[in-house]
Amino acid sequence: MHDTGIVYRNEDSYCGPISMLEQLPDGELLLVFREARWRGTATHMEPTTRTSLLRSRDGGNNWFSQVTPDPAGGNGTAIARLSDGTLLVNAYHYLFVPLADKDSLAGRARQRAIEWFGMAGASDGIYMVRSDTEGYTWSAPRHIKEPPDWPDMACHGAVLELPDGQLLLPVTGSRDIDAQEHGMVLRSHDQGETWGEAVGITEDAPVDIDFHETRLVLCPSGRILAMHRTPRGNYYRNVSTDAGHTWSETVETPIWCGASSPPDLKLLSDGRLLLTRGYRREPFGVRAYLSENEGDTWPTEFILRDDGLDRDVGYPSTVELKDKRLLTVYYWHNENQIRHLQRTIWELPG
């Protein structure tokens, strides 16, 4: 059974990508997402980009109490709840200057002139905000400093808390502004106040593959599974059995990627892993995959949507509700092109 509906749609807003769900112990849902001014065209480098947050107390049917955890950035936004109740939201920021001052961005990654807007933009790195009020109020954004040997970093995945309280943050990094992009992790020993100990995950991979939007999940055995989006070919994976200090070889999975959205990874209550992703070739939509062996194989595929108008859909996030149904939220658009958030509530067969 699939129940599909609109989560959030605003005639003046461009929502997506990215959105991510988190569930509080009482079942209340939080949804963070990128929101920017709708100018009639889809763009990621937009000065009005911010992180927005909505809440639901009825399993995702109705949403309320919109707040802005990060007013200056929402690209790659992700949310995680720690065991002590702290909420962490990380997002990627761009820095914008008047076009006449574009030379001031020298040395920064991802530089681009935005002629139609009269501005130039470049990377401003990863920022994090935190809340101890269940997401109603948030700290000011704090920059996560790039390690000396990884000058360019972006984020698209949530913090992973390990059993001993250490935190891992999955990011994409490169050792030079124009070098190959790799999946990597940063580590925190103080609940995300500071980050360091950068470890590359995919540095053994062929040099002609870039790895984007790394996601992590802690498996029942204690090992960590990392999966990565790639511009062409399939999703790739690595495994760590020592809390993310070292990683196995980079292996291609049989799941086609082709620059589709990142692999959303969730551990279900029965110990199986669920992967949800946007599907960016015809028929465009959203699909899910199930693994019973901690991500070694993904033999079962589910089609949640196959009615997308084009490839600019997806970036889903899934949570398992208290009644074992699954809620998946993703960005979508109809003929009028306004990007907005939709959801599908569904069940695994059997």
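Colleague: What should I know before I look?
Modeller: Residues are numbered from 1 along each chain as its sequence is written, and side-chain values use heavy atoms, without hydrogens and water. The model is predicted: local features need pLDDT of at least 70, side-chain atom pairs count only at pLDDT 80 or more, and totals for chains, interfaces and linings use all residues.

Colleague: Which strands form the open sheet, and in what order?
Modeller: Four strands, in the order β1-β26-β25-β24, with antiparallel pairing. A strand here is a DSSP run of E, at least two residues, numbered from the N terminus. Two strands pair if DSSP finds at least two bridges between them.

Colleague: Which strands stand at the edges?
Modeller: β1 (2–8) and β24 (314–320). Each has a single partner strand, so one side of each is left without a neighbour in the sheet.

Colleague: How do β24 and β25 pair?
Modeller: In the antiparallel sense, over five bridges; β25 covers residues 326–332. G314 stands opposite Y331 in β25.

Colleague: New topic. What volume has the largest pocket?
Modeller: About 880 Å³. A pocket is an open set of points on a 1 Å grid over the protein atoms alone, where a 1.4 Å probe fits, with protein on both sides within 12 Å along at least five of seven lines. Lining residues have an atom within 4 Å of a point. The volume is the space filled by probe spheres set on the points, which are joined across faces, edges and corners.

Colleague: Which residues are closest to its centre?
Modeller: Of the 33 lining residues of the largest pocket, E22, L160, L265, K266 and L267 are the closest. β24 is among the strands that supply at least two residues of this lining.

Colleague: And the second largest pocket?
Modeller: Its volume is about 520 Å³. It has 23 lining residues, and the closest to its centre are H44, Y94, R110, H156 and E213. β2, β6, β7 (87–98) and β16 each give two or more residues to this lining.

Colleague: How many disulfides are there?
Modeller: Zero, by the rule used. A disulfide is a pair of cysteine sulfur atoms within 2.5 Å.

Colleague: Is C155 buried or exposed?
Modeller: Buried, at a relative accessible area of 0%. C257 is buried too, at 0%. Buried means under 20% relative accessible area, with a 1.4 Å probe and protein chains only.

Methods
Buried means under 20% relative accessible area, exposed over 50%, partly exposed in between (1.4 Å probe, protein chains only).
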